[in-house]
Amino acid sequence: MRVGHAEYTGPGQLTGTTVVLAPPGGAVCAVDVRGGGPGTRETDALDPRNLVQRIEAVVLTGGSAFGLDTAAGVAGWLEEQGRGFPVGGGHVVPVVPAAALFDLGRGGDWTARPDRALGRAAVAAAARRPEGARVRQGCVGAGAGAVAGGLKGGVGTASQVLGSGTVVAALAAVNSSGRPADPATGALWGAQPRWAAEFGLDGSPLPPAALERARAWTAEPPAPLNTTLAVVATDADLTRAQAHKLAGAAHDGLARAIRPAHLLTDGDTVFTLATGRRSLLPEGAGREDLVDPAFGVHRAAGALDEILAAGADTLTRAVLHAVLTATTVRGPGGTFPSYRDLYGLPGPGT
């Protein structure tokens, strides 16, 4: 998978687009929409009962429903590369699922929103990146204008290699009406002791001085319209039904990191992508190896359960990275303090 960001951050502008580009030939894709106010495109095509089996790219964008225009720019770029659903005569129709978050007016200009040109810029940026390249985080791409419970949101990523060698990775654009932190203690909801080395936080209450500093901020009230978007990807060989199950399980990770989640004013949406490079079963396994005689458990199901659990954990970590790498924004559209600035923690600044 390759990730590309593009933003509009000039005068009055604070919005952007992120594209997750699959390898040539595409990837199995699924989606699970849990929020009450989604803005999406081509999600019906991902139903396991429908025709298209693999897709080439997923778009996460700001701009609410207006920002879905970016997917047309991505589709145009893919067509030029000959990538998409073949329809005969050497022609293709790229199917580009997309979801939008609400960031209108965050830079001050209500009409500043992502468009086709920004979609092309984001997918071209993804294509230029080598496989496995580190992904930019914070106030970039779809996270440029994101706000999370009154704090500055952004884009975060995380990944995990399972004991089987399977990789599970997540990218989140965090723009939630719910809060990523407990206002009474300052602790991030998703932080856990086992991840303390990764984040420098373990979920413990912050010192009284940090809480007093937060109370002194004059911040904008939480925005009434939001949406957190995510892509969870794996190199496992999943069917579309299994990929859909992974999208649903990953929402658990979102709910652990943001409280409350999945409200009517959110459009929380999780896509999954599976490249199929790695079998769910060990190399050389035969039919006789599918069932564990001790437990009667289908081994492929056990392997899938491990991926489902990792999808939830990895998405929680991606949300944490988004919140911790975001930086404070002050402008005509409002002041949105970062979590680190609000509580006086070291790390990215204003």
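Let me begin with the ground rules. The model is predicted, so local features are given only at pLDDT of at least 70 and side-chain atom pairs only at pLDDT 80 or more, whereas totals for chains, interfaces and linings use all residues. Residues are numbered from 1 along each chain as its sequence is written, and side-chain values use heavy atoms, with hydrogens and water left out.

I start with helix H2, residues 116–128. Helices here are DSSP runs of H or I with at least four residues, strands are runs of E with at least two, and both are numbered from the N terminus. H2 has 13 residues, and the distance from its first C-alpha to its last is 19 Å, close to the expected 18 Å. That expected span is 1.5 Å times one less than the number of residues. Which residues of H2 are buried? They are Leu118, Gly119, Ala122, Val123, Ala124, Ala125 and Ala126. Buried means under 20% relative accessible area, exposed means over 50%, and partly exposed lies in between, with a 1.4 Å probe and protein chains only. The buried residues of H2 pack against strand S1 (2–8), strand S2 (15–21) and helix H1 (70–80).

H1 is the partner I turn to now. Its buried residues are Thr70, Ala71, Gly73, Val74, Ala75, Trp77 and Leu78. They pack against S2, strand S4 (39–41), strand S5 (57–61), strand S8 (98–100) and H2. After H1 comes Gly82, with a positive phi near 75 degrees.

How do the two helices meet? Two packed helices are described by the angle between their axes and the distance between the axes. The axes of H1 and H2 come within 6 Å and cross at roughly 50 degrees. H1 is therefore oblique to H2. The axes are lines fitted to C-alpha atoms, for helices over the stretch in contact, and angles run from 0 to 180 degrees between N-to-C directions. Angles under 35 degrees count as roughly parallel, over 145 as roughly antiparallel, 65 to 115 as roughly perpendicular, and the rest as oblique. On the H1 side the residues involved are Thr70, Ala72, Gly73, Val74, Gly76, Trp77 and Glu80, and on the H2 side they are Arg116, Gly119, Arg120, Val123, Ala124 and Ala127. Contact means heavy atoms within 4.5 Å.

Next, Val3 in strand S1. Val3 is buried, at 12% relative accessible area. Leaving out residues up to four places away in sequence, Val3 touches Thr18, Val19, Val20, Ala126, Arg129, Val135 and Leu171. Val3 and Val58 are 55 residues apart in sequence, with their C-alpha atoms 9.8 Å apart in space.

In the loop between S8 and H2 we find Gly105. Is Gly105 buried or exposed? Gly105 counts as buried because its relative accessibility is 19%. Apart from residues up to four places away in sequence, Gly105 touches Trp110 and Gly333. From Gly105 to Gln13 the C-alpha distance is 7.9 Å, across 92 residues of sequence.

I move on to helix H5 (240–257) and the loop between H5 and strand S14, where Pro260 lies. The 18 residues of H5 should span 26 Å, and its end C-alpha atoms are 26 Å apart, which agrees. Among the buried residues of H5 are Arg240, Leu246, His251 and Leu254. Arg259 and Pro260 are joined by a cis peptide bond, with omega about -10 degrees. His262 lies in that loop between H5 and S14, and its phi is positive, near 65 degrees, in a residue other than glycine. His262 is partly exposed, at 25%.

S14 covers residues 269–278 and contains Thr269. Thr269 is buried, with a relative accessible area of 0%. Its contacts, not counting residues up to four places away in sequence, include Val31, Asp32, Pro38, Ala99, Thr228 and His251.

Finally, the cysteines. How many disulfides does a search of the whole structure find? The search finds zero, where a disulfide is a pair of cysteine sulfur atoms within 2.5 Å. Cys29 is buried, at 2% relative accessible area, and Cys139 is partly exposed, at 22%.
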